[in-house]
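Let's take a walk through this structure together. Have the sequence and the 3D view ready, and we'll go one part at a time.

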Amino acid sequence: MKFVDEYRDPAAARFAVEQIKALSGGKHLKFMEVCGGHTHTIYKHGIERVLPSNIELIHGPGCPVCVIPMGRVDDGIAVAETPGVIFTSFGDMMRVPGSNGSLLDAKARGADFRMVYSPLDALRIAKENPDREVVFFAIGFETTAPSTAVTLQKARAAGIDNFSVFCNHVTIVPPLKAILESPDLRLDGFIGPGHVSTVIGNRPYRFVPAQYGKPLVTSGFEPLDILQGIVMLLRQIRDGRCEVENQYTRAVRDEGNLRALRIMSDVFEVRPYFEWRGMGFISQSGLKLNEAFAPWDAELRFSVPGVRVADPKACQCGEVLKGVIKPWECKVFGTACTPETPIGTCMVSSEGACAAYYNYGRYNRTATIPVKSA
Amino acid sequence: MSDDGEESGGGVKAPPSDEKDDGEERAPDGVKAPSREEVVLDRIEAFRRRRPRLLEENITSAHGAGGKASAALTDAVFLEAFRNDTLAALSDGALLELPGGERLAYSTDSFVVKPLRFPGGSIGHLAVHGTVNDVAMMGAQATWMSVAFVIEEGFPIAELKAIVADMAEAATLAGVQVVTGDTKVVNKGAADGLYINTSAVGVVGSVELSPKQVRPGDKVLVSGTIGDHGVAIMLARGDLALEADIKSDTAPLNGLVEALLAAAPNTRWLRDATRGGVATVLNELARAAEVHVTLEESMLPVRGPVNGACEILGIDPIYVANEGKLVAVVPPDQAEAALLAMRTQPAGADAALIGEIREEPPGIVLINTGFGGNRIVDMLVGDPLPRIC
């Protein structure tokens, strides 16, 4: 594929890996990739197998479906099971467990759940079914929030009143801060999120080096982007620099996408606090519809249980996310918490740190297979 | 699985410390005491080797997706009730021995695709090809077929006629005769238009196709481009704002199998890579034969538009369904002949060598990525779902 294969070139990858080896000089360093999209690329292309063993990647909290707490999933299911409702969301939300099963289970019990690829598809369903209530379960960081906002503007403009949004949009900076605030943090730098930064730009990350003394490099999603991001982090460490850098210059501008930001501020307001699975309540971390869009707010339109379901006490996702413990050190890992019956966010997504370790941990320790051309 | 998290490791958590990151370093001098990490990994392995457990109270779509949930359902419900040696093989169909010593391959399949008509074919083509191919994978040519319809009240007869005409055409081309059938009409709303079930039997030749025949060093072949059918169906449903010139690959494979077996008489194992794609059938092989499969990503034949659509949706073509592609394991010295033979067939023009069988580590499918890394290709838990992040 043109404009894709160029970023997957094995020869360029070998060169980058050599640079990483030389720059790190065998020193054990831990970098967190914040974004779930990066984690996906790392697994899909086997990046960890080409990196020297002293470079460790910690998979961060940036998988937007995995951080939705159980109580919110339960609320969503309650709306989905309201008679007459067509409930819509993205495909990867379907398997996220609440306290009594997932949306997939609700669908099996008879809820009219429809997978959509864009909130605009949900709005189209509302137009086509004027006698039904259509609800979009909105999830994601600043990456997907603008498309929800545009959809709401269109719904208002067209006067479509059988459509509403159950808003779970979150913002990236507060959880990053929460991780950095942790006293037992063991990270040497961050691979900054690419898609989110196309919207919010690079400036919001300046506090990371300024207040917490950690370098951050915003990176793209192709394997060479990630290797290049690591090279840039290592160069900063070598030079004694600590700043925000942009590897993803082909998509990210410092000031972000002003139009998208304007649309978001027209529709959303910041919640005082929002709960994150595995990380607890984080202040100013969630978005809700503002006063002007209240008629399209599913949380106001439907009565939902709104009960907070505490993360199981034994779950230590928070510590895993901060790089404090390894998955196998968690008490419930592999017993009460497995990929088939996940408890915490790290086990929910197949790319979460715990799920990956569960599936591949044994294999990673037995290097019987020669890594091709590494 | 234990629901009691407390029993794990006595509830003692290793204190987090930079020095103790790797459990193995802590083994005392000379004595190989298993580290806590080893203990955890051993427990996971023991758990994974156990029979899959059916934990859900209701059927969900994951039970029909061909992954882990399907395996659990088959094991806990069907095998449990019908247990016998023929069924326990859990292959594409049953291998039956007649009193005269001849062996019969017998297979059945139901078809519930939506939409009923899609670029490259219809449910009628699928219903014939699917069962003919299951029988072909056992080394047999399907000769007789049964056809059963479940039709929703109100279904247009003209559409039924067109689908049945597709079936007749497909049956003629595949050399199979429809010899018995059944029709049921259900109330409006009780079925989604039309469901078809077909069964077929055929006489098995002299070949011995089974996971047991597979040896380290054998080569893994695929008969053509992968992912075409699944992506064609996803696009034909029309709820993706994507358009591409992608057609279903639905086709009979009996002619291809005949040519393949003539050229590579020691072919070890064949499977049509339908639900769950190439990844799922190779995982099933790795487990059944207790071998390791290594694939080369750069050698997987994938059409450009299919690759592009998969990239956009965050789906891996290796998990996407095919309806006219088989995966073959052949001895290394017959691989070249097998490839050439497949390429002479219309359904095998893009046949390719994609990997090989190794000894270690057993039960695992690994893919060397074009990028130079590698990853494990595991069974999917349910349907492949498009990702947002």
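At what angle do the axes of helix H6 and helix H7 of chain A cross? Before we get there, keep in mind that this is a predicted model, where local features need pLDDT of at least 70, side-chain atom pairs count only at pLDDT 80 or more, and totals for chains, interfaces and linings use all residues. Residues are numbered from 1 along each chain as its sequence is written, while chains are lettered from A and ligands numbered from 1 in the order in which they are written.

Now, the helices. H6(A) covers residues 119–128 and H7(A) residues 145–158; their axes come within 8 Å and cross at roughly 25°. (Helices are DSSP runs of H or I with at least four residues, strands are E runs of at least two, and both are numbered from the N terminus; axes are lines fitted to C-alpha atoms, for helices over the stretch in contact, with angles from 0 to 180 degrees between N-to-C directions.) That makes the two helices roughly parallel, a label for angles under 35 degrees.

Who meets whom? Pro119(A), Leu120(A) and Leu123(A) from H6(A) touch Ser147(A), Thr148(A), Thr151(A), Lys154(A) and Ala155(A) from H7(A), with contact meaning C-beta atoms, placed from the backbone, within 7 Å.

Over in chain B, the domain assignment (automatic or from a database) gives domain 1 (91–204) and domain 2 (211–376). Their C-alpha centres lie 23 Å apart. Domain 1 of chain B brings 24 residues to the contact and domain 2 of chain B brings 22. On the domain 1 side, H4(B) gives the largest share, eight residues.

Methods: Contact = placed C-beta atoms within 7 Å. Parallel < 35°, antiparallel > 145°, perpendicular 65-115°, else oblique.
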